[in-house]
Amino acid sequence: MHNNDAEGNDKFVAMHEARAEVDLRLSDFAPCSELKLAAHLIEKPRFPVIDYHNHLDALDPSDVLRVMDACGVEKAVNITMRTGQKALDSFARFHRAAPDRFASIGWMDWDGLERDDFIPRSLDRLETLVEHGARGIKFWKDLGLTLRDSSGGLLRIDDERLAPLFDKAAALKIPVLFHTADPDAFFKPIDRFNERYEELAAHPDWSYHGAEVTKSELLDQRDRVIARHPNTVFVCAHMAESAENLPRVAQLLATYPNVYVDLSARASELGRQPYTARKFFLEYADRTVFGSDLLPTVEMYRLYYRFLESADEYFDYPSHASRQGRWNICGLLLPEDVLRKVYRENALRLLAIAG
Ligand SMILES: [Zn+2]
């Protein structure tokens with residue numbers, strides 16, 4: 001059966017060695033899976049959902065409510081990306097529209113960082129946010145990656161000068177949200193080996209390759225803050241920025257009882273390692289919170305439900321248009337008690353801290 005051709009080459013060996021050399025553009029490559037698999041459309045979640053991580057400033061509350069009603073979202077948390085009066089106005093718009101359906105989280109305002117009175121002003125701002133209904137304060141990745149103090153050096157996440165802010169959050173009974181790093185691939189060169197090549201090609205400004213600080217330093221700085229403030233509750237967004245490394249996330253939660261994680265924008269990562277992810281959810285069901293971090297649409301929420309509830313295999317993950325990577329996900333088939341906590345109860349506990 002192994003016939004040799006005229007030159008005496010073995011056909012079987014040649015078949016093994018053949019490689020494609022094609023010039024189809026990557027952007028045009030759109031393969032369709034031929035798998036014949038069960039597909040479950042989950043219109044309503046098993047339990048009412050709280051979307052603990054979204055950004056709704058630009059949206060009309062009544063449009064958001066329509067989507068929420070259509071797909072079983074009980075409450076949505078607007079993490080405003082505005083500061084000052086504009087943040088308070090955004091809070092008011094949503095609270096007025098439906099006080100029971102929307103909650104708000106503030107955004108750390110770095111304006112005046114160079115001033116001597118920055119910390120006392122920030123403590124006042126935090127109080128004002130809470131007086132206007134903020135149920136948390138978010139620190140974004142500008143802290144650690146781009147913000148500089150008056151000496152010109154990068155402002156570290158664990159800079160002692162910021163410590164009063166985290167103590168103040170505990171005194172005001174609000175959690176601190178951290179999104180202070182990004183996927184591992186965002187710290188690697190944008191080249192053919194990068195698993196998020198197309199996403200980074202669409203958003204080159206999301207790349208931190210060559211940054212002054214490494215990802216592991218950023219995570220370590222964040223973790224030192226968590227250790228330093230045991231009375232403050234921290235919610236580490238996007239699976240604590242380590243969805244590719246769930247043992248690290250588990251270690252964080254095992255070490256610090258004051259930490260929660262949200263799963264927003266990480267169905268892609270979790271669903272491509274379904275056995276590992278399912279084990280994580282079962283173990284940390286009390287500390288993992290549902291969030292989407294995507295523009296609210298009925299289809300988007302239903303994809304999250306399919307991911308968490310079904311045993312479907314190899315389907316699209318919820319994402320922005322540029323996608324996160326060229327792979328598909330599997331459902332986690334989470335049990336009821338886990339779904340109840342992840343969808344709703346953990347978020348209620350976080351929102352109630354500020355009650
Ligand atoms: Zn976000």
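Let's start with two helices: the axes of α4 (residues 118–131) and α6 (residues 163–171) come within 10 Å and cross at roughly 20°. Helices here are DSSP runs of H or I with at least four residues, strands are runs of E with at least two, and both are numbered from the N terminus. The axes are lines fitted to C-alpha atoms, for helices over the stretch in contact, with angles from 0 to 180 degrees between N-to-C directions. Because angles under 35 degrees count as roughly parallel, α4 and α6 are roughly parallel to each other.

Which residues touch? From α4 come Ile119, Ser122, Leu123, Leu126 and Glu127, and from α6 come Pro164, Leu165, Lys168 and Ala169, where contact means heavy atoms within 4.5 Å.

A word on the model: it is predicted, so local features need pLDDT of at least 70 and side-chain atom pairs count only at pLDDT 80 or more, while totals for chains, interfaces and linings use all residues. Residues are numbered from 1 along each chain as its sequence is written, and side-chain values use heavy atoms, leaving out hydrogens and water.

Now for the metal. His53 (NE2), His55 (NE2) and Asp293 (OD) coordinate the zinc ion at 2.1 to 2.6 Å. Donors are N, O and S atoms within 2.8 Å of the metal (3.2 Å for Na, K and Ca), and with water not among the atoms, sites may look incomplete. Histidine 53 sits in strand β1 (residues 49–54), and aspartate 293 lies 240 residues apart from it, in the loop between β8 (288–289) and α13 (298–309).

Buried or exposed? Histidine 53 counts as buried, at 0% relative accessibility, while aspartate 293 is partly exposed at 22%. Buried means under 20% relative accessible area, exposed over 50%, and partly exposed in between (1.4 Å probe, protein chains only).

Notes
Angles under 35 degrees count as roughly parallel, over 145 as roughly antiparallel, 65 to 115 as roughly perpendicular and the rest as oblique.
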